[in-house]
Amino acid sequence: MQRRPRRNRKSEAVRNLVEETSLSVKDLIFPLFLIDGSNKKVEVNSMPGIFRYSQDLMLKEIEACMNLGIMAFDVFPAYPESLKDSNASESYNPGTFYLKALREIKKQFPEVCLMSDVAMDPYSSDGHDGLVKGGKILNDETLEILGRMSLAQADAGVDILGPSDMMDGRVGYIRNLLDESGFSDTSIMSYTAKYASAFYGPFRDALDSAPKFGDKKTYQMNPANSQEALIEADLDTEEGADFLMVKPALSYLDIIKLLSDNCPLPVAAYNVSGEYSMVKAAAAQGWLDSDRAMLEILLSIKRSGAKIILSYFAKEYALLGK
Ligand code: PBG
């Protein structure tokens with residue numbers, strides 16, 4: 001035999017030399033769930049190890065994560081039904097607990113990279129990402145609401161806005177509004193290829209944000225399609241996005257690769273709630289090793305071309321390195 005690929009696997013030292021992909025805590029963004037009140041820490045039933053925090057405890061959690069090297073956080077709010085309406089008007093109420101918490105996080109930890117979510121669903125009595133009229137999700141009318149929400153979040157000090165709504169034209173609309181309003185340094189990580197996925201289930205439990213009727217298939221992408229991801233990526237790039245995101249990650253590694261091969265902007269991937277919960281559920285049964293599965297999953301996402309990974313495993317990953 002002339003060629004013996006096993007020679008490059010013969011010891012850990014050799015394996016390390018030929019290793020092509022490496023993961024770092026610097027690649028990760030940790031999604032966090034915020035609730036109103038104080039001294040509250042409530043585990044999400046379908047996401048063992050993941051909690052909804054009130055602002056005071058979230059600040060402590062962020063500090064603990066920073067001590068482990070995590071420097072980027074994406075905060076999602078869980079609103080009570082009583083504050084939801086069809087226009088998501090609570091989303092731009094300057095006194096709302098989400099905006100107050102974002103402001104406080106940046107004040108206490110100016111060095112963190114703080115990301116927020118731009119979409120109507122946490123505040124919408126319809127549970128949809130856009131404005132609903134007569135059973136339809138209206139695109140252009142939604143942009144106005146997303147714009148107000150974006151300005152309020154930028155004003156609170158957010159570093160990266162994350163429009164997760166999949167309305168057409170929202171990146172350009174938000175970019176213009178930010179620039180006109182003196183927020184030209186606020187970045188946009190567009191949820192570029194966000195698929196209508198079963199894997200968001202546990203997240204909707206965490207936020208009580210499931211749609212009240214129908215599904216999200218008229219705005220989120222069809223899991224059968226990949227060419228469409230290139231159209232979305234071109235539009236987001238033209239409209240001024242700073243990062244492109246693919247979501248979910250694991251069933252869409254080919255899409256991550258497609259965008260990273262074809263688009264110069266950095267590509268992020270969202271390792272979503274259901275992808276986390278599957279591992280935790282199997283590990284709880286003793287059916288697989290959570291740490292090893294986590295490492296393999298995160299590595300596969302990075303290997304497929306993602307520069308950045310949003311993952312509920314971020315803290316566990318950081319703790320492994322300690
Ligand atoms: C909503 C939003 C969702 C997620 C992030 N932003 C859910 C949805 O579109 O229904 C999912 C994140 C996850 O599952 O971890 N705009």
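Start by selecting P248, which sits in the loop between β10 (243-247) and α8 (253-262); helices (H or I, at least four residues) and strands (E, at least two) are DSSP runs, numbered from the N terminus. Check the peptide bond from K247 to P248: this bond is cis, with omega near -10°. Before moving on, note that this is a predicted model, where local features need pLDDT of at least 70 and side-chain atom pairs count only at pLDDT 80 or more, while totals for chains, interfaces and linings use all residues. Residues are numbered from 1 along each chain as its sequence is written, and side-chain values use heavy atoms, leaving out hydrogens and water.

Now show polar contacts (pairs of N or O atoms within 3.5 Å). Oxygen atoms of the ligand lie 2.6 Å from a side-chain N or O atom of K194, 2.9 Å from one of Q220 and 2.7 Å from a polar side-chain atom of S273. How much of the ligand's 400 Å² of accessible area does the protein cover? The cover is 100% (Shrake-Rupley, 1.4 Å probe).

Next, select Y195 and Y252. Their rings are stacked, 4.2 Å centre to centre with 15° between the planes (a pair needs centres within 6.5 Å, and stacked means planes under 30 degrees apart). Y195 lies in the loop between β9 (187-194) and α6 (201-207) and Y252 in the loop between β10 and α8, so the pair ties together parts 57 residues apart in sequence. The count of aromatic pairs comes to 13.

Last stop: N39, in the loop between β1 (28-35) and β2 (41-43). Its phi is near 55°, a positive value in a residue other than glycine. Most residues other than glycine have a negative phi.

Notes. Polar contact = N/O pair within 3.5 Å; in protein donor to acceptor, adjacent residues only side chain to side chain. Phe/Tyr/Trp six-rings, centres within 6.5 Å; stacked < 30°, edge-to-face > 60°.
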